Amino acid sequence: RNLAFDTTDQALEQHFGSVGPVREAWVVRDRKTKESRGFGFVGFVLADDAQRAVQEQNGSLLGGRKITVDLAKKKGATSAPPSGAPEQGAAAP
């Protein structure tokens, strides 16, 4: 969260690539205006890397802004999935 509005998918992937191999990264955009909504998702090849991303990248600077990094939650879920449950991990900046 708190991504600069000009942050690209590539910048997000590059920033989180230092944690581990990134499967995919994208900035969430408004459907009509295509403008950034200020947050995105990063999917890692290994679930453990998602947890590491939270520990290492939460509070880091990206595009001149201090970002908040959390584990992604399924819509309607009240807590994150158990550690190591999925084969692939996701962090939500």
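Me: Why is D70 called partly exposed?
Reply: This is a predicted model, and in it D70 has a relative accessible area of 29%. Buried means under 20% and exposed means over 50%, so D70 falls in between and counts as partly exposed.

Me: How do you know that D70 forms a salt bridge with R1?
Reply: Check the closest N and O atoms: they are 3.0 Å apart. The cut-off is 4 Å between a side-chain nitrogen of Lys or Arg and a carboxyl oxygen of Asp or Glu, so the D70 and R1 pair qualifies. The pair links distant parts of the chain, with D70 in strand β5 and R1 in the segment before α1 (9-16), 69 residues apart.

Me: And what makes R1 partly exposed?
Reply: R1 has a relative accessible area of 47%. The exposed class starts over 50%, so R1 stays in the partly exposed class.

Me: How many salt bridges does the structure hold?
Reply: Three. Another one of them joins the side chains of E24 and R23, at 2.7 Å from N to O, which is within the 4 Å limit.

Me: What do the accessibility values say about E24 and R23?
Reply: E24 comes out at 36% and R23 at 37%. Both values sit between 20% and 50%, so each residue counts as partly exposed.

Me: Why does R52 with E56 count as a salt bridge?
Reply: Their closest N and O atoms are 3.6 Å apart. That is within 4 Å, so the pair passes. As for the general idea, side chains of opposite charge can pair when their charged atoms come close.

Me: Why are R52 and E56 separated by about one helical turn?
Reply: Because they are four residues apart in helix α2 (residues 47-57). R52 is partly exposed at 32% relative accessibility, and E56 is partly exposed too, at 44%.

Me: What makes K75 exposed?
Reply: Its relative accessible area is 87%. Exposed means over 50%, so K75 belongs in that class. Its place is in the loop between β5 (70-71) and β6 (89-92).

Me: Which residues form the positive surface patch with K75?
Reply: R31, K34 and R37. Lys and Arg count as positive, so the patch is called positive. Patch members also need over 30% relative accessible area, and K75 clears that with 87%.

Me: Where does N58 lie, and what does N58 touch?
Reply: N58 lies in the loop between α2 and β3 (61-62). Leaving aside neighbours within four places in sequence, N58 is in contact with A53, I67, T68 and V69. Contact here means heavy atoms within 4.5 Å.

Me: What about the chain overall?
Reply: There are two helices and six strands, running α-β-β-α-β-β-β-β from the N terminus on. Of the 93 residues, 34% count as buried. The chain exposes about 5900 Å², and carbon and sulfur atoms supply 49% of it.

Me: How much of the contact set comes from residues 24 or more positions apart?
Reply: Among contacts with a separation of 6 or more, such residues account for 57%.

Terms used: Residues are numbered from 1 along each chain as its sequence is written. This is a predicted model: local features need pLDDT of at least 70, side-chain atom pairs count only at pLDDT 80 or more; totals for chains, interfaces and linings use all residues. Side-chain values use heavy atoms; hydrogens and water are left out. Patches are made of residues with over 30% relative accessible area and no salt bridge: like charges are joined within 9 Å, nonpolar side chains (Val, Leu, Ile, Met, Phe, Trp, Tyr) within 5 Å. Accessible areas come from the Shrake-Rupley method with a 1.4 Å probe; for residues, only the protein chains shown count as cover. The place of a charge is taken as NZ of Lys, CZ of Arg, CG of Asp or CD of Glu. Buried means under 20% relative accessible area, exposed over 50%, partly exposed in between (1.4 Å probe, protein chains only).
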